[in-house]
Amino acid sequence: MHPSDGALPNAHCCFLFQNEICVSRLLIRKNHPLDPWLSAADVALRTLFATPLAAEASPAAAVTEGALQPEERRLSGALMRVNHVGEVCAQALYTAQATVTRDTGLREHLREAAREETDHLAWTRARLDALGARPSVFNPLWYAGAFALGAVTASVSDRVSLGFVVETENQVSAHLGSHLQRLPADDLASRAVVGRMKADEERHAAQARAAGALELPFAARALMRAAARVMTGTAHHF
Ligand SMILES: [Fe+2]
Ligand SMILES: [Fe+2]
């Protein structure tokens, strides 16, 4: 058999006749050290430039879109832009941690969490479109910052990495709670999305705690809150 026949040779033939094909087949089977990083680059490009697809229908689909005044629509758009940035960062954080950890069980846990966060990403993006608002122009910057933080904490230890997840999810949950106070009463669709996300983030924090997260020191938590204030303040407008 020869490759020009149009069929792939089996492993035996390949060793006999086509050493270069053997090499390529072995490379396909063996994990390459760059694979996780190429996969991380794929997630980054899809998060920043593709339309995210949710596995589960948005909670907004279950309620009627409210009639909003222009000012209310602007406020909802700004708040949902901030929430969309949070989900962009969640993709970066979980992807970085899954890329760096050497624990295969933890890697799968983080990837599963990232898949759930993809629903949040899709739901918030859909709300932006429905409200006529745009995503933050600084999303690539937020993504890069969150990825770097996730990679650094994951390189310290898995328990620190999980501690970072707990603190992030707690802060995001508190933030979503404040948005439920600020969103216009008639924006039932955004409220449904934010309420569901808040419950999911609280569950993510509990899961990371159960997986052995270390509590971060007060200074680290304060620094994270300060960085989040800069990010949310900027994303509200840009
Ligand atoms: Fe989320
Ligand atoms: Fe989360």
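## Helix 8

Helix 8 covers residues 188–210, and its 23 residues reach 33 Å from the first C-alpha to the last, close to the 33 Å expected at 1.5 Å a residue. Helices here (H or I, at least four residues) and strands (E, at least two) are DSSP runs, numbered from the N terminus, and the expected span is 1.5 Å times one less than the number of residues. All of this comes from a predicted model, where local features need pLDDT of at least 70, side-chain atom pairs count only at pLDDT 80 or more, and totals for chains, interfaces and linings use all residues. As for labels, residues are numbered from 1 along each chain as its sequence is written, while chains are lettered from A and ligands numbered from 1 in the order in which they are written.

Which residues of helix 8 are buried? They are Ala 189, Ser 190, Arg 191, Val 193, Val 194, Met 197, Glu 201, His 204, Ala 205 and Ala 208. Buried means that 20 or more other C-beta atoms lie within 10 Å of the residue's own (exposed is 12 or fewer, partly exposed is in between, and C-beta atoms are placed from the backbone). Those buried residues pack against helix 4, helix 5 and helix 7, where contact means C-beta atoms, placed from the backbone, within 7 Å. Just past the end of helix 8, Gly 212 has a positive phi of about 110°.

## The overall picture

Of its 238 residues, 36% count as buried. Take the contacts between residues at least 6 apart in sequence: 81% of them join residues at least 24 apart.

Helix 5 (residues 104–131) has 28 residues and reaches 41 Å between its first and last C-alpha, close to the 40 Å expected at 1.5 Å a residue. Just after helix 5 comes Gly 132, with a positive phi of about 70°.

Trp 123 sits in helix 5. Is Trp 123 buried or exposed? It counts as buried, because 28 C-beta neighbours fall inside 10 Å. Not counting residues up to four places away in sequence, Trp 123 touches Ala 54, Ser 58, Ala 60 and Val 193. Trp 123 and Ala 61 are 62 residues apart in sequence, yet 9.8 Å apart in space, C-alpha to C-alpha.

## Helix 4 against helix 7

The axes of helix 4 (residues 70–100) and helix 7 (residues 158–182) come within 11 Å and cross at roughly 170°. Axes are lines fitted to C-alpha atoms, for helices over the stretch in contact, and angles run from 0 to 180 degrees between N-to-C directions. The two helices are therefore roughly antiparallel to each other; the cut-offs are under 35 degrees for roughly parallel, over 145 for roughly antiparallel, 65 to 115 for roughly perpendicular, and oblique for the rest. Helix 4 brings Leu 79, Asn 83, Gly 86, Leu 93 and Gln 97 to the contact, and helix 7 brings Ser 161, Thr 168, Val 172, His 179 and Arg 182. By class, that contact has three nonpolar, six polar and one charged residues. Nonpolar covers Ala, Val, Leu, Ile, Met, Phe, Trp, Tyr, Cys and Pro, charged covers Asp, Glu, Lys and Arg, and the others, Gly among them, are polar.

Leu 93, in helix 4, is buried, with 29 C-beta neighbours inside 10 Å. Leaving out residues up to four places away in sequence, Leu 93 touches Ala 146, Gly 150 and Thr 168. Over in helix 7 is Gly 163, also buried, with 23 other C-beta atoms within 10 Å. Setting aside neighbours within four places in sequence, Gly 163 is in contact with Ala 213, Leu 214, Glu 215 and Leu 216.

Helix 4 and helix 9 (residues 218–237) have axes that come within 8 Å and cross at roughly 130°, which makes helix 4 oblique to helix 9. Ala 78, Arg 81, Val 82 and Val 85 of helix 4 meet Met 231, Thr 232, Ala 235 and His 236 of helix 9. That contact splits into five nonpolar, two polar and one charged residues.

Helix 3 (residues 35–49) packs with helix 6 (residues 139–156) at an angle of about 145°, the axes being 10 Å apart. Here Ala 44, Thr 47 and Leu 48 of helix 3 meet Asn 139, Pro 140 and Tyr 143 of helix 6. The tally is four nonpolar, two polar and no charged residues.

Methods: Two residues are in contact if their C-beta atoms, placed from the backbone, lie within 7 Å.
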